[in-house]
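Me: I have a model open here and would like to talk it through with you. Could you start with the terms we need?

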Amino acid sequence: MVRHFTFALPLAVIGAMLAACDGGGDPGEERPIISQAEEPGTDAAAAPEPPTPSVTGTEAEASIPAALQGRWGLNVADCEPDRADAKGLLTIDATSLTFYEARATLSDIATTSPTSIRATFDFTGEGMTWSRDTALETQDEGSTLVRREFGEDATPGPFRYARCP
């Protein structure tokens with residue numbers, strides 16, 4: 001018997017699956033320190049947008065704010081430097097977001113402040129390309145990063161990351 005599979009999952013499902021991965025491990029192992037949704041039933045479309053006053057100046061408009069840059073993990077294991085399967089690790093530099101199996105390049109900034117940005121990012125990963133309206137904001141004096149997606153194919157709910165040491 002021959003089976004044919006079509007690997008045409010919507011991008012939102014792939015993003016949700018990647019974000020939901022906890023890296024496996026022991027049942028007794030410490031679980032994620034940050035949860036995906038702030039409250040059960042929250043929806044990205046219904047979530048309030050973070051306040052992001054515009055900053056003027058060419059350099060500020062061309063890069064991701066320094067407060068957002070660095071390594072961020074959905075759970076403690078994602079921050080382990082030697083771990084090859086850190087599926088919840090997000091690395092941010094001045095112009096890009098790097099996920100486990102995807103990379104996003106800053107395209108068009110809508111608003112920015114010293115601790116937040118809302119912009120369009122051009123993604124590539126697993127042989128596909130797409131664009132996503134994304135907001136990033138630090139909270140808890142810079143120790144937490146909240147990522148939200150907007151638009152028709154947006155992954156529901158905010159993703160909360162802890163800054164890696």
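Reply: Before we speak of bridge partners, two strands count as paired if DSSP finds at least two bridges between them. Please keep in mind that this is a predicted model.

Me: Which strands does β7 pair with?
Reply: Strand β6, residues 128–139, pairs with β7 in the antiparallel sense over 7 bridges, and β7 is also joined by 4 bridges to β8, residues 159–163, again running antiparallel.

Me: What about the hairpin of β6 and β7, how many residues lie between the strands?
Reply: There are 4 residues between them, and in this hairpin Asp140 takes a positive phi near 50 degrees.

Me: Why is β7 described as largely enclosed by the rest of the structure?
Reply: Because 7 of the 7 residues in β7, residues 144–150, are buried, where buried means under 20% relative accessible area.

Me: Which residues sit on each side of β7?
Reply: In a regular strand the side chains alternate between the two faces of the sheet. In β7, Thr144, Val146, Arg148 and Phe150 are on one side and Leu145, Arg147 and Glu149 on the other, and all of these are buried.

Me: Changing topic, how much of the whole chain is buried?
Reply: Buried residues make up 40% of the 165 residues, and the accessible surface of the chain comes to about 9300 Å², with 54% of that belonging to carbon and sulfur atoms.

Note on methods. Residues numbered from 1 in each chain as written. Predicted model: local features only at pLDDT ≥ 70, side-chain atom pairs only at ≥ 80, totals over all residues. Heavy atoms only, no water. Buried < 20%, exposed > 50% of the residue type's maximum accessible area, 1.4 Å probe, protein only. Areas by Shrake-Rupley, 256 points an atom, 1.4 Å probe, with all protein chains shown as cover. Helix = DSSP H or I, 4+ residues; strand = E, 2+ residues; numbered from the N terminus.
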